[in-house]
Amino acid sequence: MLNFDAAQQQLLASVQGLKPELESLPLECASARVLAKSVMAKINVPPQDNSAMDGIAFKFSDYHADKPMPISDKIFAGMSAATLKPGTAVRLFTGSIIPKGADTVVLQEDCEFVYDADGELASVKITETPKQGQHIRLSGEDIGLGSEVVAAGVALTARHIGLLASVGVSHVEVYKALKVGLLATGDELVAAGGQLKSGQIFNSNLPMLTAQLESMGCLVDARHVADDIELIVENLESMAASMDVILTIGGVSVGEADLVKVAIERLGQLDLWKVAMKPGKPLSFGHISVEGKPALPLIGLPGNPVSAFATFELFARPFLQSRSGLATVKTDAQAQYPIQLLKTLQPKREEFLRVRLCLEDGVAVLKPYTQQGSGVLSSVAWATGFARIPSAELTNDGDKVKYYPFS
């Protein structure tokens with residue numbers, strides 16, 4: 001068995017230099033896609049100096065305590081810039097362009113407005129001493145002309161999309177979404193909503209892993225087939241003809257019904273089988289081939305739900321992120337925290353406990369779920385990440401261990 005770090009690096013090394021093809025997408029359709037070309041700002045944001053508040057704008061040197069200033073103009077957001085008349089103030093609103101000659105804004109709450117006989121705004125008295133330059137958003141203070149807005153290799157989120165829209169970008173060059181075949185096997189599995197017979201269970205892995213893949217922007221072809229070697233081979237061949245990557249669930253251990261491993265070896269080869277970790281020992285990685293197509297990478301995930309979730313997060317996710325063109329793929333622990341244990345641990349294989357990161361008396365600690373079995377999926381829903389417990393070492397209550405947060 002390979003140790004955890006060596007197995008993880010072997011998967012990532014197989015991706016070196018591989019990137020999907022490019023495509024141009026409307027910005028609103030690019031969520032979760034990886035940006036292929038850095039975007040540079042073609043404008044300043046904001047384009048002109050503007051008011052951060054509703055209030056008045058004036059030249060600071062014209063301010064005199066207790067002396068009203070005449071109001072010479074009113075500017076709403078979206079209107080062109082005006083020129084300030086000497087010795088006067090301009091009524092403006094949030095987003096209004098600062099008039100030429102003005103350098104300070106006072107909030108309307110700090111103003112006493114005076115109206116003429118016709119009800120028109122005539123003058124203003126400032127009730128709070130202002131500071132020169134206050135409440136003005138300067139041109140380019142958010143994004144400067146020619147600066148990098150978003151770098152290549154970033155997976156776009158709503159935050160990036162909003163930022164790109166603010167500089168007028170309507171389309172982006174991104175890597176095409178990975179097409180991932182997801183194949184679950186097992187006669188005992190029934191789709192949610194079906195009727196369970198004796199010995200059967202609902203298939204939680206297929207919808208769970210489909211959701212994980214789709215959250216990454218992958219296009220998923222999810223299938224469930226019976227424990228039949230010919231059916232498994234047929235579906236693997238079908239996926240290999242159209243997918244970029246295949247993930248299988250179950251069938252890679254050493255039981256008589258573990259036929260996925262047999263099918264993979266019939267169509268290609270296994271480069272990695274079994275990792276010295278718990279849960280997730282029967283993880284596999286290899287390649288399969290069909291006529292006229294390059295060898296296709298295949299990751300075989302264990303069938304137990306927690307094992308499937310853990311190996312996806314710790315192996316498949318970084319592999320797929322790298323394969324998608326993501327520039328920075330995090331594979332190591334985020335940090336180390338003290339763990340709360342009821343007993344000393346000294347596992348033969350590294351263990352990845354489902355834990356919740358909590359604050360107790362102002363100190364961050366890791367609290368393990370009470371049941372750590374590989375079929376206890378409730379532990380995953382409860383936890384915030386994994387605590388890595390080293391093998392062949394004593395880990396006591398209060399020791400610091402590596403923490404891997406869920407994505």
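## Cores and aromatic pairs

The largest nonpolar core has 41 residues, and Leu 247, Ile 299, Phe 312, Phe 315 and Leu 320 have the most contacts inside it. Helix 6 (305-323) is among the elements that supply at least two residues of this core. The largest share, 10 residues, comes from helix 6. A second, separate core has 19 residues, including Leu 236 and Met 243.

A nonpolar core is a set of buried Ala, Val, Leu, Ile, Met, Phe, Trp, Tyr and Cys residues joined through side-chain atoms within 4.5 Å. Buried means under 20% relative accessible area, exposed over 50%, and partly exposed in between (1.4 Å probe, protein chains only). Helices (H or I, at least four residues) and strands (E, at least two) are DSSP runs, numbered from the N terminus.

This is a predicted model: local features need pLDDT of at least 70, side-chain atom pairs count only at pLDDT 80 or more, and totals for chains, interfaces and linings use all residues. Residues are numbered from 1 along each chain as its sequence is written, and side-chain values use heavy atoms, leaving out hydrogens and water.

The structure holds 12 aromatic pairs. Rings of Phe, Tyr and Trp (its six-membered ring) pair if their centres lie within 6.5 Å; planes under 30 degrees apart count as stacked, over 60 as edge-to-face and the rest as tilted.

| Pair | Centres | Planes | Type |
|---|---|---|---|
| Tyr 369 and Trp 382 | 5.2 Å apart | 50° | tilted |
| Phe 386 and Phe 406 | 5.0 Å apart | 70° | edge-to-face |

Tyr 369 counts as buried because its relative accessibility is 19%. Trp 382, at 24%, counts as partly exposed. Phe 386 and Phe 406 are both buried.
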